[in-house]
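Here is a friendly walk through a structure, section by section. Keep the viewer open and follow along.

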Protein chains: 2
Amino acid sequence: MALINRYDYFPPYLWYCVFLGMQQLLRDYINRVTSSIMPDEEYKFLVDAFSLKLVRKKKFLLHEGSICTYMAFIARGAMKQYFTDEKGIEHIVRFGIEGWWMSDRESFVSLTPSRYTIEAVEDCDLLVTTPEKMAQLKKNSPSFVKLGQILDERSYIASQKRIEATISYTAGEKVIYLMESNPEFLHRFPQNMLASYLGLSPETLSRVRKQLLSK
Amino acid sequence: MALINRYDYFPPYLWYCVFLGMQQLLRDYINRVTSSIMPDEEYKFLVDAFSLKLVRKKKFLLHEGSICTYMAFIARGAMKQYFTDEKGIEHIVRFGIEGWWMSDRESFVSLTPSRYTIEAVEDCDLLVTTPEKMAQLKKNSPSFVKLGQILDERSYIASQKRIEATISYTAGEKVIYLMESNPEFLHRFPQNMLASYLGLSPETLSRVRKQLLSK
DNA sequence: GCACCGGATTGATCTATGTCAAGCCGATTT
DNA sequence: AAATCGGCTTGACATAGATCAATCCGGTGC
C-alpha cells in the first residue's frame, strides 16, 4: 500500500496549527540569518504575505516556459531545479531542502517565462509568496529587506565559488567540494541527481566515490 | 620608446577636469541602469564618495591575501580577476571593461582577506570607493541603493547562466555562448585569458575558433 | 512467490580535451 | 639588424571522463 501523506487525514484545525508552526519557523529563520529579532508588527505582515502550499514528490512548483509566480520557503522536503538541453537531458542547477528558498529570481521579478523546472524530490511543505505580496512585505518589513540582501550576498558568493569549482576542479575535487560545502545533499538526493548537479556522469561519480571511500 | 601614458604630462587643472568628467560618466551610468534621474542633492554625496585611481597595465588593484578596500568603477581600461590554484595556475573568474565594477564583494563587505587578485590588462582609470564611504553614500542616496540592488540581481543571474554553461556545454558551445553574451571581450582580451575564463586550454580555444570560423 | 523498476555498480570502449613541444609572427628592445 | 618576447597556431600523444551495455540489488506491487 502506498505511504499515506501525513496530512491526508488532518482535520482543519490541525492544518491550521501546522501552518502557524511553519510561520514561526520562518520567523526564527529570519532572526537567525539577520542576527536580530523581528518585531511583532513586522511579523503580522510576514504572516499575511505567505500561504501554505504542498507539493508531492515528483510534482512541480514551476514548469519550464511558465512564469515563476512563487517564491517558496521549504519547511519540509527536498526539491531540485533544472533546465533541459536540446538533447532532452536534465541539468540540475540547484537543490533545496528545509530552510532553503526555491524560485527563479529572474522570472519572479521580471515576470518572464522561466527556463527552469522546479520539482519535488520528496513531499514538500512550502510557505509561498507572490511578487505583489513580496513587494508589499518589503515595504513594511525592514527585517525582510535585510534578509533579502543577506541572501543575495550569500548566493552570489556561493555561485562564484561554484563557477570556480566547475572551471578548475577535477571530478574528484568537485565531489570533495560538494562534501564540504553541502554534506546534507549527499544523503538526501540520489546519486544520479548529484552527478547532474556536479556536471558529471553517474558512472563517473560512482567510480570517484569508490576511490575516495577506499582511502 | 615606451608609450607615454596620456596623463603623464597633464597639469593639475586638466587632471581635475578629467576627474569631474568621470564623475559625470558615473552619474550617467547610474541614471541609465536605474532608468531614473539622480537628483543633484544625491550627486553631491556621490562625488564625495568616490576618488580617482589609476592602475597601469600589469599592476594590481587587489592582491590575493589582502583585504579588498576598494570598489572600483572602470571609466577606461580593462581588468581581470583571478585566483591561483595549488599548481600556481591562474583561473580568471571575471573580466571588466568600461562601465563595469571590479571588487571582491565578499572581502569588501566582510573585511576578510581575499582569495582573488585583480590586475589591469590595459591602463585603467578608476573611480573607487571604500566600505565606509560606500555605507555613507547608501545612507544618503536611494538611487545608489537601487543601483546596488539591480546590479546584485544581474550578477546573480549572470553567474547562474555561467554555471549552466560550464556544467553542460562543450568547448565549442562555451565559445559561442561567450560570443553572444560578451562579444566585446573577444577583441579586448588575449586568447589565453579568454581560454582561462572559459575553463579551456589556449590550444583548444584556438582549434575551436578555427572550426567556428570555417563555417 | 514472481515480475518489475529505479538506482547503483562494473567493465569495455570511445572521444573530447589537455599536455607537451615546436615553430611562427609581429611588436619591442638593444 | 639582431635578439627577445608574448601570443597564436599546429601536430603528436596522453588521459579523464563519457558512453554503452550488462549486471546487481532493494524495494514495491501483483
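This is a predicted model: local features need pLDDT of at least 70, side-chain atom pairs count only at pLDDT 80 or more; totals for chains, interfaces and linings use all residues.

The crossing of α5(A) and α5(B) has a left-handed sense.

Which residues make this contact? From α5(A) come Asp152(A), Ser155(A), Tyr156(A), Ser159(A), Gln160(A), Arg162(A), Ile163(A), Thr166(A) and Ile167(A). From α5(B) come Asp152(B), Ser155(B), Tyr156(B), Ser159(B), Gln160(B), Arg162(B), Ile163(B), Thr166(B) and Ile167(B). Sorted by class, the residues of the α5(A) contact with α5(B) are six nonpolar, eight polar and four charged.

## The chain A and chain B interface

Stepping back to the whole interface, 21 residues of chain B are in contact with 21 residues of chain A. On the chain B side, the elements that give two or more residues are β5 (90–96), α3 (105–110) and α5 of chain B. The largest share of that side, 13 residues, belongs to α5(B). The side of chain B that touches chain A is made up of seven nonpolar, seven polar and seven charged residues.

## How the copies are related

## The surface near DNA strand D

Now for the DNA. There are 17 residues around DNA strand D, and those that come nearest are Thr170(A), Ala171(A), Thr204(A), Gln191(B) and Ser206(B). Elements giving two or more residues to this surface are α9 (202–213) of chain A, along with α8 (191–198) and α9 (202–213) of chain B. Of these, α9(B) provides the largest share, six residues. The surface near DNA strand D divides into six nonpolar, six polar and five charged residues.

## The surface near DNA strand C

Around DNA strand C there are 16 residues, and Pro190(A), Gln191(A), Ser206(A), Thr170(B) and Thr204(B) come nearest. Here the elements that give two or more residues are α8 (191–198) and α9 of chain A, together with α9 of chain B. Which element gives the most to the surface near DNA strand C? That is α9(A), with six residues. By class, the surface near DNA strand C has five nonpolar, six polar and five charged residues.

## How α6 and α9 pack in chain A

One more packing is worth a look, this time inside chain A. The axes of helix α6 (residues 171–181) of chain A and α9(A) come within 10 Å and cross at roughly 75°. Angles of 65 to 115 degrees count as roughly perpendicular, so α6(A) and α9(A) are roughly perpendicular to each other.

On the α6(A) side, Ala171(A), Gly172(A) and Val175(A) make the contact. They meet Thr204(A), Leu205(A), Val208(A), Arg209(A), Gln211(A) and Leu212(A) of α9(A). The contact of α6(A) with α9(A) counts five nonpolar, three polar and one charged residues.

Terms used. Residues are numbered from 1 along each chain as its sequence is written. Chains are lettered from A and ligands numbered from 1 in the order in which they are written. A residue is near a molecule or strand if its C-beta atom, placed from the backbone, lies within 6 Å of it. Helices (H or I, at least four residues) and strands (E, at least two) are DSSP runs, numbered from the N terminus. Ala, Val, Leu, Ile, Met, Phe, Trp, Tyr, Cys and Pro count as nonpolar, Asp, Glu, Lys and Arg as charged, and the others, Gly among them, as polar. A crossing is left-handed if the near helix is turned anticlockwise from the far one by less than a right angle, and right-handed if clockwise. Two residues are in contact if their C-beta atoms, placed from the backbone, lie within 7 Å. Axes are lines fitted to C-alpha atoms, for helices over the stretch in contact, and angles run from 0 to 180 degrees between N-to-C directions. Angles under 35 degrees count as roughly parallel, over 145 as roughly antiparallel, 65 to 115 as roughly perpendicular and the rest as oblique.
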